[in-house]
Amino acid sequence: MKLNNPFNIRVAPKNHWRGALPFSKNFERFRNTVYSVRAFIIIISTYRYKYNITTVYDIIHRYAPEVENDTRAYISYICKRMKCLPDQEITHENLFEFARAVAYMESNYQLSKQEFQEALSMTNY
């Protein structure tokens, strides 16, 4: 993977992600995918604790807005992969499933449990 960014995390100058390398024009570039997973976990944690955004529906509407994505299809895909409804809350218990579905939706990347656990260990989540 060219940018080691299976979540297609966009560049935001205020973010100084651990493991980030000089970025491309639009998307962050990471030393390895584990750092991208870590950034994604932090983004989802921020949605939960700062903005009270906790469901598949609400998270995807913020993470993949309609101006850039077919949000309805995105939510449908995530729910199908997770075998859940759009009002499913994303918690510590199902975050791996959610992250895996998003990584696959964004870049056809098969996120491993090992990568996720390593990234999770580098966060406070």
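Predicted model: local features only at pLDDT ≥ 70, side-chain atom pairs only at ≥ 80, totals over all residues.
Let me begin with the helix itself, which runs over residues 95–107. Directly after α4 comes N108, which has a positive phi, near 55°.

Turning to burial, the residues of α4 that are buried are L95, F96, F98, A99, A101, V102 and A103, and the partners against which the buried residues of α4 pack are α1, α2 (56–63), α3 (71–82) and α5 (113–120).

Of these partners, I would like to look at α1, residues 33–51, whose axis comes within 11 Å of the α4 axis and crosses it at roughly 115°, the crossing being right-handed. On the α1 side the contact is made by F40, I41 and I44, and on the α4 side by L95, F98, A99 and V102; sorted by class, that contact comprises seven nonpolar residues, with no polar and no charged ones. As general background, nonpolar side chains in soluble globular proteins tend to be buried together.

That brings me to the largest nonpolar core, which has 39 residues, and within which F7, V56 and F98 have the most contacts. Two or more residues are given to this core by each of α1, α2, α3, α4 and α5, with α1 supplying the largest share, nine residues.

Technical notes
Residues numbered from 1 in each chain as written. Heavy atoms only, no water. Axes fitted to C-alpha atoms, helices over the stretch in contact; angles between N-to-C directions. Helix = DSSP H or I, 4+ residues; strand = E, 2+ residues; numbered from the N terminus. Left-handed = near helix turned anticlockwise from the far one by under 90°. Contact = heavy atoms within 4.5 Å. Nonpolar A, V, L, I, M, F, W, Y, C, P; charged D, E, K, R; others polar. Buried < 20%, exposed > 50% of the residue type's maximum accessible area, 1.4 Å probe, protein only. Core = buried A, V, L, I, M, F, W, Y, C linked by side-chain atoms within 4.5 Å.
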